[in-house]
Amino acid sequence: MNTPILFLHGFPFNGSLWKPQIEFFQNKRIVLAPDLRGHGSGPKGNAPWMILDFVDDLHELLVKARVEKVILCGHSMGGYVALEFIHKYPHLVESLILVGSRADADSNDVKDQRFKTLEKIRSEGLENFADDFSKLVLSDVRSEEKKELKKTVQNMILSNDIEDVMMVIGAMASRKDSTPILKEISCPTMVIVGADDRITSWGVNHSMARRITNCQFAKVADAGHLVNREQPEKFNALIDTFINYQSLSFKEFADGYTNNPLAIQH
Ligand code: MLT
């Protein structure tokens with residue numbers, strides 16, 4: 001049987017972030033795209049939350065579903081969770097895909113930004129934050145199609161409980177530096193990033209990819225942070241190719257690939 005794929009969404013979205021991927025992969029393998037802790041219908045548990053709590057939620061989910069190995073794909077905050085998951089349960093991960101994420105912890109400046117966001121949400125509610133953030137995660141919102149996508153993303157944000165959103169911000173701000181984990185990763189890995197990602201950047205993702213031994217890297221044009229929604233066909237093709245040809249060398253992989261991944265020089 002094909003190995004199931006487990007998609008982990010970013011903050012503050014939910015499993016439906018992966019709609020185009022669910023539709024594409026569901027006829028090929030089992031697709032799991034749960035709402036993570038504090039998002040949508042995800043688990044809550046006792047406060048405060050740490051990224052390790054998200055990891056344990058996922059482990060429980062896999063045990064319940066009797067899944068012994070997954071292809072693990074984490075977007076942004078989902079990537080923070082994926083890195084701690086592979087550190088704790090390396091035997092459960094057949095291959096890893098990190099999307100628009102990063103391995104390091106928040107700097108003091110980023111923590112300050114988070115605290116400002118918390119204050120803003122506390123005093124104004126989620127509306128303004130949802131409007132600003134849904135613009136920030138897309139490369140542009142000019143076309144009708146992109147306006148529609150922005151609305152979808154905004155509604156996803158607004159469907160969260162305000163207290164939960166604030167707790168997840170705390171969990172992200174207190175996460176540890178996962179950079180040392182990168183050199184432990186031995187399974188085939190791929191890093192994908194939108195060329196216009198304004199939450200992280202393609203450079204941050206490229207240097208993360210360079211620290212992983214067996215890693216492919218792809219920078220996707222005309223996409224921001226939500227690369228899987230802005231360029232779903234390219235994104236699905238990238239993952240599909242990676243899953244099917246992960247045992248090939250980079251050159252073989254790149255030759256059979258339509259986009260323009262940058263080779264990783266180790
Ligand atoms: C995400 O998309 O998951 C978040 O923006 C990540 C973050 O704020 O660090």
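The points below concern a predicted model.

1. The protein chain contains twelve helices and six strands. Its C-alpha atoms fill a box of roughly 55 × 40 × 40 Å along the principal axes.

2. A compact globule of 266 residues would have a radius of gyration near 18 Å; the value for the protein chain is 17 Å, which agrees. Of the 266 residues, 52% are buried.

3. Among contacts with a separation of 6 or more, 75% are between residues 24 or more positions apart. The protein chain exposes about 12,200 Å², and carbon and sulfur atoms supply 50% of this area.

4. Helix 4 covers residues 108–124, which is 17 residues. From its first C-alpha to its last, helix 4 reaches 24 Å, close to the 24 Å expected at 1.5 Å a residue.

5. Which residues of helix 4 are buried? They are Arg114, Leu118 and Ile121. Seen down the axis of helix 4, the buried residues fall within an arc of 70°, so they line one face of the helix.

6. On the face turned away from the buried side, helix 4 carries the exposed residues Asn108, Asp109, Lys116, Glu119 and Ser123.

7. Gly125 follows helix 4, and the phi of Gly125 is positive, near 90°.

Methods: Residues numbered from 1 in each chain as written. Predicted model: local features only at pLDDT ≥ 70, side-chain atom pairs only at ≥ 80, totals over all residues. Heavy atoms only, no water. Helix = DSSP H or I, 4+ residues; strand = E, 2+ residues; numbered from the N terminus. Expected span 1.5 Å × (residues − 1). Buried < 20%, exposed > 50% of the residue type's maximum accessible area, 1.4 Å probe, protein only. Arc of directions from axis to C-beta. Rg over C-alpha atoms; globule rule 2.2 N^0.38 Å. Contact = heavy atoms within 4.5 Å. Areas by Shrake-Rupley, 256 points an atom, 1.4 Å probe, with all protein chains shown as cover.
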